[in-house]
Structures are given as C-alpha cells and as structure tokens.
Amino acid sequence: MIELEGVPELIDPVMICAFEGWNDAGDAASTAVGHLDREWKGEVFASLDAEDYYDFQVNRPTVALEGGVRKITWPTTRLSVVRADTGEQSRDLVLVRGIEPSMRWRSFCNEILGYAHELGVEMVVILGALLGDTPHTRPVPVSGVTSDPDLARSLDLEETRYEGPTGIVGVLQEACAHAGVPAVSLWAAVPHYVSQPPNPKATLALLNRLEDLIGVRIPLGELTEDSRAWQLGVDQLAAEDSEVAEYVQSLEEARDTAELPEASGEAIAREFERYLRRRDGQPGPGGHATESGGLAEGREGGTSGGPGAPYLRDPSTGHGRPRKPSPRDEMAKDDAEDTGGAEDETKGPDDTQDGEGQDASHREDGGTDRGGDGDEGSGSGR
C-alpha cells in the first residue's frame, strides 16, 4: 500500500525519471535529475524496498561513519517532490532517481506508476543517454520519442519504432502506455570516445530539452560553465593525439553535412525565438545555455510554455487538454488579437539520433554508431 503522508496537493505534476546503468551514458541522465533535486531542494517522500529489486552482489551497499556510528546505505530508487516556482508560474515535479533494477522489472514499474496515479501525475518524462558517433565540439543531439501518437503530434516527437534489447527506460515507457499515462523519453547522445562521467554538456542539453517540454525555466547554476570547461578539457586531450584529432574532425564533417539543410533562415529564426523567450522570462542565476537538441513545440505552432502548451491529459477523463495558461500567455493572446497577427507554424529541427538508446548492433537504420557494448553505463539500449 502506498503511503503519501506529508505530501501536499501538487500543481500540474510531471514525473521526471532517470536510472543509473545501461541507459545512462556518462551519467548524464541521472545527473540531470540530481541537479533538479539540488536546485529546488527536493524532499524525499518514498523509497522502494531495495531487497525487492536489486542484486547486492551487482549493486553493493556502501558503509560510512557518521558521528562515529557505522551506517549502511542500500542501493535503491527514491522519489522526491520539488516545487518549480519561477515567479510567473509554478509546477510540481516528482523526481524518480535510482539504479536500473536487477530483477522484477514489471513490479518495479507498477510501483512507480502507483505513485504516479496517487499523486495525479499528468505526464512521465524519462531521461536517458546513449553512446554514439557524435563530436564533442558540436551541440549534443537530444531526441524525444514516445509510443503515444497524439503526444508525438502535439509535441513534435518521434514515435518509437525500435526493436531489440531494451533497458528499464523502454520498459517503463511501455508500462506507462499500457496504463494510459502520457510518457516521453528524452535521449542525449554522448561521444563514445569520451564516455566516462561526468558529462555536463550532455546533462545541460537534456535539461534544456526538458525545459522546453514541460514549460518551466530551469536554473542551471554552474552547469553552463562546467560544460564549457569540459569541452575545453576534451579539446586539449584530443589535440595531444593526432589520430583522435583526425577522427573528431571526420565526425564534425559528417555531422555538419547531415545538418546542412538546417542551416537555413527558419532554423536561425527558431534559435532567435528561443533566445528572446528566455531573455523575456528573466532566467535565474546561472543563466541558460543556447545549445540544445531542439525545441519541443506545440501543435498550434507555439513553443512549450507558450500558447501552444505541452500536452497534458485530464486524469478524470483521459482526454488531452492544454496546460493552464499563465498570465503571460493571456497577455500574448490579447496582443495577437489586437494586432491581428498570427504565428507561423514552425517545426522543430530534425533529430540527429533516433533516440531509441540502441548501440551500433541494434540500430534499425543500419547505421554505424559506435555505441556501448551493453555494459553498465553505456546507455546502449532502451
């Protein structure tokens, strides 16, 4: 039985999940959820029973001395809640952070969905990271996928068509679909030649895409500067090895060639719109990076958080409904009616990764991404 004593009534709650292990290359996804927890001072209200889901010979407990007393910390999955309050808008986030379970995956997903149901969660967003042939010198590709056709259309996402080995991210997303809970997976592509954690640049890209998806500005703290320092460090290491430098250059050329059609006035306009939206929103300390995997835009042409708000489902009817408009949305609507103008419908940039989390041996398009070999932390499978 799920106990939720002490958890207040939540405002438009969205559940954000990330799991260490196979779906978390460079620890990018789990670090992103950890960042949200720290920035908004999350309060843990529940944890799953470790003995139900983990093999302690695979994920061993740790022991530490606290005030001269030995304390054991067991590997598990914890749930916390944070209030994302930016002054103009408020929304609650239910953060799920843990380790990919060793056993009983269906029971694991059912327990998480039980919490989602009791808390009135309107959408589940699962973060993941995979290894791929992407240069560290370019913006991190972030793909958004879902198995819900309505959600795919309203948020400009890809419908998942992946077939092959999967991880807890894929299993949880499918469990959400069967339960009628809108679910999206966001995948960041991490350069396979620099896969060791941390990877603040990939974490930053995931948070930027998440921000667009849920319509809430995320304070980034020192992540922007950490991302620049990370790239500078990798630049220096690559410069010391001519073969690595040559390989990175080949990846850059391939990436630039593939994205050449996006080097258009429409793409530049989208990025400028993103800049204006964030400037007008007065982002908090730390600012926002301009690198992202692209905008998740509403069906009517508005970006997430604007008039074309993120897709949400009414828990009582199961039907889609828009997010509650903010005062800023109403003012923008009035201005548009006064001027008689209409926003041109835009389309988000094409994803450069398929977002399925698969490695080279499992890519359905026959590509040659040099992903992980299935070891923990490779993020090589959904």
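**Figure 1. Glu-253 and its place in helix 8.** At 47% relative accessibility, Glu-253 counts as partly exposed in this predicted model, since that class lies between the limits of 20% for buried and 50% for exposed residues. Glu-253 belongs to helix 8, which spans residues 242–258. A separation of 118 residues in sequence lies between Glu-253 and Pro-135, yet their C-alpha atoms are 9.5 Å apart in space.

**Figure 2. Overview of the protein chain.** The protein chain contains 10 helices and 12 strands. Of its 382 residues, 49% are buried. Among contacts between residues at least 6 apart in sequence, 77% join residues at least 24 apart.

**Figure 3. The largest nonpolar core.** This core comprises 40 residues, and those with the most contacts inside it are Ile-16, Val-125, Leu-127, Leu-186 and Leu-210. Two or more residues each are contributed by strand 1 (14–20), helix 1 (28–39), strand 5 (78–85), strand 6 (90–99), strand 7 (123–132), helix 4 (149–155), strand 10 (183–191) and helix 6 (200–214). Helix 6 supplies the largest share, eight residues. Another core, of 37 residues, lies apart from this one and includes Leu-119, Val-121, Val-145 and Trp-187.

**Figure 4. Surroundings of Leu-127 and Val-169.** Leu-127 is one of the residues with the most contacts inside the largest nonpolar core. When residues up to four places away in sequence are not counted, Leu-127 touches Ile-16, Cys-17, Ala-18, Ala-29, Ala-32, Val-33, Val-169 and Leu-186. Val-169, one of these partners, is found in helix 5. With a relative accessible area of 1%, Val-169 is buried. The C-alpha atoms of Val-169 and Asn-23 are 7.0 Å apart, although the two residues are 146 apart in sequence.

**Figure 5. Packing of helix 1 with helix 6.** The two helix axes come within 8 Å and cross at roughly 60°. Helix 1 is therefore oblique to helix 6. The crossing of this pair is right-handed. On the side of helix 1 the contact is made by Ala-28, Ala-29, Thr-31, Ala-32, His-35 and Leu-36, and on the side of helix 6 by Ala-202, Thr-203, Leu-206, Leu-207 and Leu-210. By class, the contact has eight nonpolar, three polar and no charged residues.

**Figure 6. Packing of helix 6 with helix 7.** The axes of helix 6 and helix 7 (residues 223–239) come within 8 Å, with a crossing angle of roughly 140°. The two helices are therefore oblique to each other, because the angle does not exceed the limit of 145 degrees for a roughly antiparallel pair. The crossing is left-handed. Pro-200, Lys-201, Thr-203, Leu-204 and Leu-207 of helix 6 meet Leu-223, Thr-224, Asp-226, Ser-227, Trp-230 and Gln-231 of helix 7. This contact has five nonpolar, four polar and two charged residues.

**Figure 7. Packing of helix 3 with helix 5.** Helix 3 (residues 105–119) and helix 5 (residues 168–179) have axes that come within 10 Å and cross at roughly 55°. The two are therefore oblique to each other, and their crossing is right-handed. From helix 3, Trp-105, Phe-108, Cys-109 and Leu-113 meet Ile-168, Val-171, Leu-172, Ala-175, Cys-176 and Ala-179 of helix 5. The contact has 10 nonpolar residues, with no polar and no charged residues.

Figure 8. Pro-197 and Pro-198 are joined by a cis peptide bond, for which omega is about 0°. Pro-198 is found in the loop between strand 10 and helix 6. Asp-12, a residue other than glycine, has a positive phi near 40°. This aspartate lies in the segment before strand 1 and is buried, with a relative accessible area of 9%. Asp-27 likewise has a positive phi, of about 55°, although it is not a glycine. The location of Asp-27 is the loop between strand 1 and helix 1, and its relative accessible area of 31% places it among the partly exposed residues.

Technical notes: Residues are numbered from 1 along each chain as its sequence is written. This is a predicted model: local features need pLDDT of at least 70, side-chain atom pairs count only at pLDDT 80 or more; totals for chains, interfaces and linings use all residues. Side-chain values use heavy atoms; hydrogens and water are left out. Axes are lines fitted to C-alpha atoms, for helices over the stretch in contact, and angles run from 0 to 180 degrees between N-to-C directions. Helices (H or I, at least four residues) and strands (E, at least two) are DSSP runs, numbered from the N terminus. Angles under 35 degrees count as roughly parallel, over 145 as roughly antiparallel, 65 to 115 as roughly perpendicular and the rest as oblique. A crossing is left-handed if the near helix is turned anticlockwise from the far one by less than a right angle, and right-handed if clockwise. Contact means heavy atoms within 4.5 Å. Ala, Val, Leu, Ile, Met, Phe, Trp, Tyr, Cys and Pro count as nonpolar, Asp, Glu, Lys and Arg as charged, and the others, Gly among them, as polar. A nonpolar core is a set of buried Ala, Val, Leu, Ile, Met, Phe, Trp, Tyr and Cys residues joined through side-chain atoms within 4.5 Å. Buried means under 20% relative accessible area, exposed over 50%, partly exposed in between (1.4 Å probe, protein chains only).
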